[in-house]
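Colleague: Could you walk me through this model, one question at a time?

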Amino acid sequence: MRTYAPATVDAVLDDLLAEPSIARGVVHHQLIPARAARTAPLPAWLDPRINAGLERRGITELYIHQAEAIEAVHAGRDVVVVTPTASGKSLCYTLPVLQALASDRSARALFLFPTKALGQDQVAEFGALAQLSGLDVAAATYDGDTPAPIRAAIRIAGQVIVTNPDMLHAAILPHHTKWFQLFEQLQVIVIDELHTYRGVFGSHVANVLRRLLRLCAHYGSKPVIVCCSATIGNPLELASTLTGRTPQLIDRNGAPTGERHLLLVDPPLLDAASGARGSALTLANRWALPFLRAGRQTIVFGRSRTAVELLLSGLREALREHAGPRSRVRGYRGGYLPTERRSIEQGLRSGEVLGVVSTNALELGVDIGRLDAAIIAGYPGSIAGTWQQIGRAGRRSGVSVAVVIASGSPVDQYVIHHPDYLLNGAPEEARLDPDNLHILLAHLKAATFELPFEPGEPFGPGPADDLLAFLAEDHHVRQAGDGRWYWSSENFPASAISLRTAASENVVIIDTTPDRPRVIGEIDLFGAQTAVHEDAIYLHESAQFHVDRLDWDERKAYVRRVDVDHYTQADVAVTLKPLDVFGSAPLPGGAREHGEVMVASLATIYKKLKFITNENLGWGRIHLPEIELQTTAAWLTVDPAAVTTGPGGAWRRDELDVALVGAGRALQAVASFLLMVAPADLGLVSQVRSPHHEAPTIYLYETVPGGVGLAERIFERTDELIAGAAELIAGCACDGGCPSCTGPRLEPGIDARALALRLLATLGASIPARAA
């Protein structure tokens, strides 16, 4: 019989490590000591009412990063504050804004958060401090959930507008004449969670901010910009690129932290020959259960929607054995409705929810209170993201535990066996390209709609006249007799721009089980082709739903509740065609190039996989249209002569195919370390005979439309990339290739490891004698 008795975090961890089957998998165990607070006095210029409000909250002094930021903003300087999760970054902008409102009732502030949840959190937090300070402040959330009657009141009387980039882009900037009070009196712009503004989303938001600051100049306001970020490698560069201004960097963290145990865990090796390992999800549940049974609040992170639902199902099933806290374990991910997510967040703060299984949706600073343990099933893909998830446990004082469990992928295996990479490596650099021509032109249309352009007026990298002349050819804009450029189309340009996804629409998921069908979630188009194709099993809050019909044209998936013992996994066929070459250079045994490509993805078949064992129970075909992505790529081409007459003799076609895939997977893994990006930011296509080159080719393409500069950096660092891939494969202990180096074994009886190393040697890699 299972018992559910309260226990300390230390006691639970000791019991787990006393179990040999668990302890064997611990590759690294580090105790990160507690750190005392470093503080500074409250500024003398702060309004006495705000001082009193802070005192009522138990705050009599500030952390040093808070004090430095507040003084800089008070002096009219832009800042970027970079400190870990739960270090009190919000006070860095809350206090200057409250001071501005205490001094001038007509002052306005604009808070930007990447998600609605964060915005709603901050309104409550800001309003509570204002109330404690005796200040009557009109702070309100303006997002897609705000009722129409309230929107009008916010436009007129709102002093602090809390919104997200999507609403600013589509609902505020195009209607700026209704918001003249905001734009005339705007004193502070807050950009929280700065590190999330990367890639295509960041490139769009940089242009939204260009439009915002252009309107501020038109209305005569000069706001200070406050950026807040979790730890990343290039915060100053990112803030400068995003805002077009140069802020002051504040990164001396003064917040205290409790003692934290950090464990890196590798699942057991099941087959030395193939390199197959145990499931990271199963092991994550084994680590999480003792903490839940001891009444310790625990968060488990999965890397995908499916992983979250499988983890949640496993935990609930295990807790069903005895009167355990089964109902107090919830799931949390992007597809859930806002009301569900708010309920879970509130339950975590109150303690009613004991455990939560989440995607990276809870990496961001949503207030969920203090948790005791964070179990991370699979490396999140970046150092910054990993520390964000680790920081969800032990956010204040007290002992906490964070466990990072590797999957069998090359990236995970590298990280778990190189602890210094995670513990001491430089965090990733967030990259964006606001001058990406597709994005720049789209926002130039929106900016012209909002306000005519003067001759020679800059937008982005320089004067906009040439780009406006290009838009005039399609009659979007026209140049009047006064020389100014005016919007001349009937279309509303902002509505055609999606800031977040390559596809501008989502698929709505409708549950037809009850008498009245209800919407239970939504998913983007790229995710829909693999998650809600017809006959898929869609998982939501650990419940299973069969997809009866997917109306692709109407963007609706109709599902019904079922109870089955399997889930589905779709295969996607990816083809790639180069469109333009931006640069090329020779390599030993081949060449390297980078340029523009068209990538087409087509969901082909799905497999039915049994829970826990992943046994294949059958398959079916998927009938959906192809989705295209125009982006940038870097590629390596092998000289055809090198594979017909090179060392080792001529290659057989099947050997060459295995070598290209194996070397490509290692190159893809090493590129994510080398460029400090998430593995999901780069896709892989290998071709035995590329139609473009008539030669064996490995492509690494960016997975966002237009690219954000990663392909060019791969091209520039190709030699390091090839050397790193050879080192990764040569250092693997497997016999003939495995998921940790060259990927799953594709051809029985073929040594993928040796073939991949042979191919990399052809391209100039130095192979250690013991691995050759």
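Modeller: Here come a few notes on the model, then your questions.
This is a predicted model, where local features need pLDDT of at least 70, side-chain atom pairs count only at pLDDT 80 or more, and totals for chains, interfaces and linings use all residues. Residues are numbered from 1 along each chain as its sequence is written, and side-chain values use heavy atoms, leaving out hydrogens and water.

Colleague: How far apart are the end C-alpha atoms of helix α10?

Modeller: Helices (H or I, at least four residues) and strands (E, at least two) are DSSP runs, numbered from the N terminus. The expected span of a helix is 1.5 Å times one less than its number of residues. The 21 residues of α10 (199-219) should therefore span 30 Å, and this agrees with the distance between its end C-alpha atoms, 31 Å.

Colleague: How many residues of α10 are buried?

Modeller: Buried means under 20% relative accessible area, with exposed over 50% and partly exposed in between (1.4 Å probe, protein chains only). Helix α10 is mostly covered, and of its 21 residues the buried ones number 18.

Colleague: Which strands stand at the edges of the open seven-stranded sheet?

Modeller: Two strands pair if DSSP finds at least two bridges between them. The sheet runs β1-β11-β18-β17-β14-β16-β15, with mixed pairing. Each edge strand has a single partner, so one side is left without a neighbour in the sheet; these strands are β1 (26-32) and β15 (329-332).

Colleague: Which residue is the bridge partner of Gln-30 in β11?

Modeller: β1 and β11 (residues 260-265) run antiparallel, joined by six bridges. Across from Gln-30, the bridge partner in β11 is Leu-262.
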